[in-house]
Structure formats: structure tokens, C-alpha cells
Protein chains: 2
Amino acid sequence: MTLNLSLTLEQIGQRAQSASRILAQATTETKNEALLAIARRIDEETEAILAANEGDLRAGSERGLSSAMLDRTRLDPKRIQTIANSVRELVNLTDPAGEVLKQWSRPNGLKISKIRVPIGVIGIIYESRPNVTSDAASLCLKAGNAVILRGGSESIRSNMALAEAVSRGCQDAGLPEHSVQLVPSTDRAAVTLMAQLDRYIHLIIPRGGRSLIEAVTSAARMPVIKHFDGICAVYVDRAADFRMAEQIVVNAKCQRTAVCNAIETLLVHDEIARQFLPQCAGALWERGVELRGDAMTQEILGSKVRPAAEEDWSTEYLDLILAIRTVRNLEDAIEHIGKYGSHHSDAIVTEDDAAARKFLHQVDSAAVFWNASTRFNDGGEFGFGAEIGISTDRLHARGPMGLEELTSYKYLVEGTGQVRG
Amino acid sequence: MTLNLSLTLEQIGQRAQSASRILAQATTETKNEALLAIARRIDEETEAILAANEGDLRAGSERGLSSAMLDRTRLDPKRIQTIANSVRELVNLTDPAGEVLKQWSRPNGLKISKIRVPIGVIGIIYESRPNVTSDAASLCLKAGNAVILRGGSESIRSNMALAEAVSRGCQDAGLPEHSVQLVPSTDRAAVTLMAQLDRYIHLIIPRGGRSLIEAVTSAARMPVIKHFDGICAVYVDRAADFRMAEQIVVNAKCQRTAVCNAIETLLVHDEIARQFLPQCAGALWERGVELRGDAMTQEILGSKVRPAAEEDWSTEYLDLILAIRTVRNLEDAIEHIGKYGSHHSDAIVTEDDAAARKFLHQVDSAAVFWNASTRFNDGGEFGFGAEIGISTDRLHARGPMGLEELTSYKYLVEGTGQVRG
């Protein structure tokens, strides 16, 4: 089995590499045609996809999967239409491949151009909803990359049906059948084998929980871009506009709780804590948020606030829970975030320019906000059009990862016979 | 021992992390002061460094190291002055940290800035000459990074003396003592332990032979930027200027042989092979180059040319040996390079614009040259001022890796109370 799997993956890798060479030379027009054809195929094959999904749901029930898990797997005609439309929308995005990033001449007359090129072959290992199959693949494709997908076992039939539609759409536009391939195995060994295919795969993006990301990171020989979740904070400075601060805290905590750019921690300058906290806590309690606080917070808000333990400062609740700490000054807020935060998204609310500048520059996170909700750390909100996720890494891509972050570059050097002396 | 080593590395990591926070906020002025102080310390401590080096050479002789190896380790007053001057020259380079890479506003009024920031903590694992200790550390430092160095056992005493001078220079300028640290152990386990310190080290750059790079790549949990050697080619098109082609081939092969951007392969369009090859071979033989060729090359150049075997096309000689192949057309040349090359540096010599454009765009290498020697794929030649190496990776840094490639970025977002709807 593992030998067969290894051979299968070797073949998938070789085919992806061949496809990537053709994709790298494909025009924007052809790639857009392929995206439209993929969307059309998904529309047309709605029934086949739903039947496959039905099979996943049946198998999942038999295996005793939770209803939440089954819900994430479930497709219906409307969801499939949304999936097709997401692919269609990529047509409007600017093709990053071929962009001239820089151009300069050297004293010896050499003309150097740094141009954007596709990365090559991107591996995506995911365990989430089946729409990742077409969403991630189409985004990578638009940038000119070939894709190898490895989805979770609970959606294997749905993923195969969607991948089939994607592959046919590519062929409709004259692009290689193997531009996008799904690993046809739910064997866990496939993840490890993929992570070692650095001969063919230039980048792996694991999409899923911590244990999946850890497993891929440990095994991978090629670069991995991680999308860990976030321990994010809002710091309400003593010079904050209280109404604005309250709205930002409520938005950052409550608008969606199970996302990486929602906050888990509220830091409040102790000089304003007595005025600000009761008002803000009221708004949070109204929305059902459980508050945990340090001694001063408890003193101000009373026994409804549970004491926050040391581990609360570094826990990602992904739930309606917020840890509150009072700090003596801006520096303590910055230090708290540096020590307990996950360098994802953090915000300061203040009318004090100098304090804001200091916070923006000293907080070492992918996105640092001044008088705005952390929830804006998102490819769509940044204007990238679509994103494959929010990178928690510092190299190659940090923060929202859109089309540009799915490219590499190369140098073209034009001379008139120059040799090195 | 391994437990102690593990604790030592943990401490080194923590100290580097603390230092990196201060370095990230250091002004260009302070960093330049530190560079000058480092150079001064190296000058002043020349005798101590030479004494340490003497110890390395004695220990190396006793261990029976080859004279080539001992030569690479050997320092003298002139070499030490060169080392100090290399550090001094970094003062003139533009500090990349803080540069605004992009700035835009969103319809909701959010102002987003993408700014360059240091990567954080960079690990350098090397086995080459002791000058890497100060060269690599100073370059990383100028971009605002903390550095953890792990050099080879043959230079441990020299490296420690140099690292001590670097660390003192940092302190002279008020920067942390632990901005640059050398792992004080020649135990091989230190490499593996370092590769697993992803809590503290954001990037590892292995500088050395293939086996070192492979070992680091397999063990590393953080991003690794590899600097593998190159299998580079010059393709002489049918529309080439023969004199220019000959000069480029001779330069790319002979100017320095043991470097990654020297060529190992010459591809010649078969229509011009009979005219071009004898002339070019004469110039190569004059410089003592051994030629290995395909059947047509042998037929044209005679028995002095050894037959090239399949493995010759993918061998990095790093020596005065050149493999020659005739090709039927441009496409075959591009295909050969895609199949056997290492995507490092490749060149076309031609007066035909269309052929050149096709080659530049279809050859998937870090730098592709038209009518110029592959030897120009170099940070200095590109105008980067200094380089830490030539990356053979595709992510984060590709090709010459200078100061800019030693940085990451972050987003600063300024609002007026925006929340996400």
C-alpha cells in the first residue's frame, strides 16, 4: 500500500511539474478562460457533486462523525453555486505573473529586470470544507501554479467530484489535465509522503488545525507556509475615545468568534479602567461574552468576572470568552502582547498620535491596527480580492496571502557581451 | 552533554530573541556605529584572533586535516584587515528596515502601509572560512536581525575570537551583547538542536556542502534558505555573434571554476556548430579546459574530446571541465536546461531578439542572461552591495540574497474607529 502510494505520489508530482511548465507560460486570457470553464463545469456537474457529497455524509454518519463535522461537509445546490461563483470572481483579479517588480541598469551596461513568476507546484493539505478544493486550486491557478490537493477523508468523494470539474475546466481552456490533481487516498501516510516530495513541490500550505500543521512542518523538506490561529489583543489607551474603543472591542470579539483575527485579550490602561470597563463590560455581557480578569478588573466589575489565570493570556478561546488585564502604561501593553500574543493582529485605540506610532512600530505582529478592529486583517478587507489564508509565518508571506504571495520572481539580465573581470 | 547543549541552545535562543526586539527598533545611525565599532574591535584584536587561529591550525594539523582545509582556515594580518574592511563597507549600504513598500487606502477609509521590518533571529550554520563569522553576522545586523552562528570545528577558536570582537563592537554602540552569538560547541548535535529551535529562530541559512544543507533541511522546523551549487549552461544560438559567444563561454567557465555561477555545460545550435566549436574549443583548450562532448561535437573536434555520458549533463564539475552538446533548435536547448540544469544561472548568446525573449521567459532559473556571462549572478554585480549568498530556493529569496532579502514586512493599519460589518 505505502509502496503503491509512494509511486502514485511520484507520478502526481511528475505530472504537476510538467503542467506547471505550461501554466507558467499561459496567458492571462487562457487562465481566465479556464476559471470560467471551471465554474461552468461545477455548475453543470452539480448533481454529480451532490451525489458524491451524499456518499460522504452517509459514510460519515456510519463512522459516527459529529453533526458539526457533517455540517461542514454538507453541500447543497446553493452552496455549489457559491463555490462556482467564487471561482468566477477570480477572473476580475489582476494576474500577478509577469509583473516587472524592478528594473535597473548597472555601470557596465547590464540591464536587470526582476519579474514576478509563478512559484511552480503548490501542495495544499486541508481538512476543512470541500469548497477549499476549488477555491484554493483556482487561486493558485490564476497565479500560474500547478496544484496538488490532499483533502480530509470525511470529504473525499465531494473533493474528487470537485477536483474532476476543476481538471475538466482546465482542459476546456486547453490547459493541462494535471494542472490540478487530488491525491486519491485518505491514507495518512500520503501527507508525510507529500511533505517529502521536494523534487516536485515548491511550497506546501497546510490548512487545518494545529496538529495537522505540526505534522506537515515536521515532515516537510520544502517551505511550508503556516496559517496558525491568532491570540490577538486590543489595547485601550488612556487617551482612547471610549465609544470607539467599545465598538472596536465588541466587533473584534463578537462579530465572528471562531476566526483567527478575533481578539482573546483586552488590555486597558489602569487610569481609565474605572470609567471604561463598566461600560464596555455591559456591552460584552449583552452579547453573552464571559469575562475573565485580573485583580483590578474583578474589583471594578465584581464577582461576575472570573479570575484570569496565567494560561488565559495565551489561550485562544475561539469562543465568547475574553480575558481582561489592566496595564500601567503603553510599554506594559506592548510587552504583554510580545510575551503572550501570537504576532497575528493587534490593535491600539487612542487619540494620542505618539502612543499610536510607538505601538504600531513596536508590536511585532503581521498587522497592527490603530483605531480599527483586528477583524480587518483579511485578504478581502485589504483589497487583495481573495486570499488563501492569513500567514503566521514571517518569510515569503506574512499576513493575508493573496495572488501576489502565490508568486516567486526571477531576474532577466540583458547584456551586449559583458564578461566578468 | 546533549542535555547541557540543549539548555545552552535554549538560552542562546532566548537571548537572541530579546536582542532582536532591541535591534528591530535601533536606528540606522546606531547600527552603523556598531558596524564601525566591530571593524575597530577586529583591527584592535588582530593579535588575539591570530593566536586563536594558530590554535585552530595546530589542532587541525594534529587531526590530520588536508592542507587545502588548513589553508581555508588560515588567517594573517592582511586577511584580518580585509575582514574588518568588509564590515566597514556595510555602513554605506542603505538600511532596508522601515522602508515603506506600499501604501494604499480602502473605501472604508482604512490606510494600510506595508513596511519592511527585520526578520528577527537568523541562524547561520557554516563550515567555511572564519570570515563568514563577521561577514554574515554584520550583514544580518545591518538589516536589524539578531544572529546565532554555528561554525565548523576546524575554525572554532578563530570563530570565537571573531564573534567576541563582533559582540564587543555591538556593546560599544549600545546594542545588546547577545545581538550576535556563536554556539560554543563543535558537537554535531548542536546543528540538529538549532534546527529545532523554531520558537526563537525565524530563518536558518546553511552555508556549506550538500550534506550539511541536506542535514539542516531535514531537521529544520523553521524556513531554510538553501544555497546549493549550480549546474549552469550557456546556449550559443545560430544567430550568435561568435566572438561574443566565445568570450562569454570562456569567462563563464574559466574566470573562476569553483563557484556556483560558473558553467558546466555548453549548448550549441547544430547549424553553427562546425564554424563555432573549433574556434571556441581552441580558446578553452588554451586555458586547460577538458572537453566532453556528444557525438557531433566529437566528430567536429576530434578525439581530444572525451564522450559525454548521461551523467555529465547533471554533474557540477567545479573544475576545468566542460560538457558540450549540440541541439537542433532553441526549444531543445530550453528543454535540456529544464531537465538537467539546477535553475541557477543560464545564458543565451544570440542577436535574434525573439529567440532571446523566448529563452529569458521559458528558462526557469533564478537569473537568465542574454549576451552576458552567468558569472554576473552575484549580489555585488547586481548592485546589492553585499550578499549572504545566492539562494537556490524559490520562496522569500531567489538568486542573490542581499540586505533586502534579510527582511520581512508587516502591515500598519490606521483607522478612525472602523469595525467590520
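Me: In which sense do strand β9 (residues 290-293) and strand β11 (residues 321-327) of chain A pair, and over how many bridges?
Reply: The model is a predicted one. In it, strands β9 and β11 of chain A run in the parallel sense. The number of bridges between β9(A) and β11(A) is 4.

Me: Which residue of β11(A) is the bridge partner of A:L291?
Reply: Two residue pairs can be named here. A:E290 stands opposite A:I321 in β11(A). For A:L291, the bridge partner in β11(A) is A:L322.

Me: Which residue of β10(A) stands opposite A:R292?
Reply: Strand β9(A) also pairs with β10(A), in the parallel sense over 2 bridges. Within β10(A), the residue opposite A:R292 is A:R306.

Me: Which are the edge strands of the open sheet that has 10 strands?
Reply: The order of this sheet is β10(A)-β9(A)-β11(A)-β8(A)-β7(A)-β12(A)-β13(A)-β16(B)-β2(B)-β1(B), with mixed pairing. An edge strand here pairs on one side only.

Me: At about what angle to β13(A) does helix α14 (residues 353-362) of chain A run?
Reply: Helix α13 (residues 330-340) of chain A lies across β7 (232-236), β8 (263-269), β11 and β12 (345-349) of chain A, at about 140° to β11(A). Helix α14(A) lies across β7, β12 and β13 (367-372) of chain A together with β16 (407-418) of chain B. Its angle to β13(A) is about 160°.

Me: Why is one side of β5 (180-182) and of β6 (203-207) of chain B left without a neighbour in the sheet?
Reply: Another open sheet has 4 strands in the order β5-β4-β3-β6 (chain B), with parallel pairing. β5(B) and β6(B) stand at its edges, so one side of each is left without a neighbour, as each has a single partner strand.

Me: By how much are neighbouring strands of the β5-β4-β3-β6 (chain B) sheet turned against each other on average?
Reply: The order β5-β4-β3-β6 (chain B) defines which strands are neighbours in this sheet.

Me: Which residue of β6(B) stands opposite B:G123?
Reply: Strand β3 (residues 121-126) of chain B pairs with β6(B) in the parallel sense over 5 bridges. In β6(B), the residue opposite B:G123 is B:I204.

Me: Across which strands of chain B does helix α9 (residues 210-219) of chain B lie?
Reply: Helix α7 (residues 156-172) of chain B lies across β4 (146-150) and β5 of chain B, running at about 160° to β5(B). Helix α9(B) runs at about 160° to β6(B). The strands that α9(B) lies across are β3 and β6 of chain B.

Me: What kind of axis relates chain A to chain B?
Reply: Chain A is superposed on chain B by a rotation of 180° with 0.0 Å of shift along its axis, and the RMSD is 0.0 Å. Such a rotation is the relation of a two-fold axis.

Me: Why do the copies meet through the same surface?
Reply: The interface residues of the two chains have to be compared. The copies meet through the same surface because the share of interface residues of chain A that are also interface residues in chain B is 100%.

Me: Which residue of chain A comes closest to the rotation axis?
Reply: The residue asked for lies in the loop between β14 (389-391) and β15 (399-401) of chain A. Its C-alpha is at 2.0 Å from the axis, and the residue is A:H396.

Me: Is A:H396 buried or exposed?
Reply: A:H396 has a positive phi of about 70° although it is not a glycine. A residue counts as buried if 20 or more other C-beta atoms lie within 10 Å of its own. A:H396 has 20 such atoms, so it is buried.

Me: How many other C-beta atoms lie within 10 Å of A:H343?
Reply: A:H343 is in the loop between α13 and β12 of chain A. Its phi is near 60°, a positive value in a residue other than glycine. A:H343 is buried, and the count of other C-beta atoms within 10 Å is 23.

Me: Which exposed residues does the face of α5(A) turned away from its buried side carry?
Reply: In α5(A), A:I80, A:I83, A:A84 and A:V87 are buried. They cover an arc of only 95° around the axis, so they lie on the same side of α5(A). What covers them includes α2 (28-44), α3 (46-62) and α6 (131-142) of chain A. The face turned away carries the exposed residues A:K78, A:T82 and A:N85.

Terms used:
Residues are numbered from 1 along each chain as its sequence is written. Chains are lettered from A and ligands numbered from 1 in the order in which they are written. This is a predicted model: local features need pLDDT of at least 70, side-chain atom pairs count only at pLDDT 80 or more; totals for chains, interfaces and linings use all residues. Two strands pair if DSSP finds at least two bridges between them. Two residues are in contact if their C-beta atoms, placed from the backbone, lie within 7 Å. Axes are lines fitted to C-alpha atoms, for helices over the stretch in contact, and angles run from 0 to 180 degrees between N-to-C directions. Copies are superposed by least squares on the C-alpha atoms of residues with pLDDT of at least 70 in both. A residue is buried if 20 or more other C-beta atoms lie within 10 Å of its own, exposed if 12 or fewer, and partly exposed in between; C-beta atoms are placed from the backbone. The arc is that of the directions from the helix axis to the C-beta atoms.
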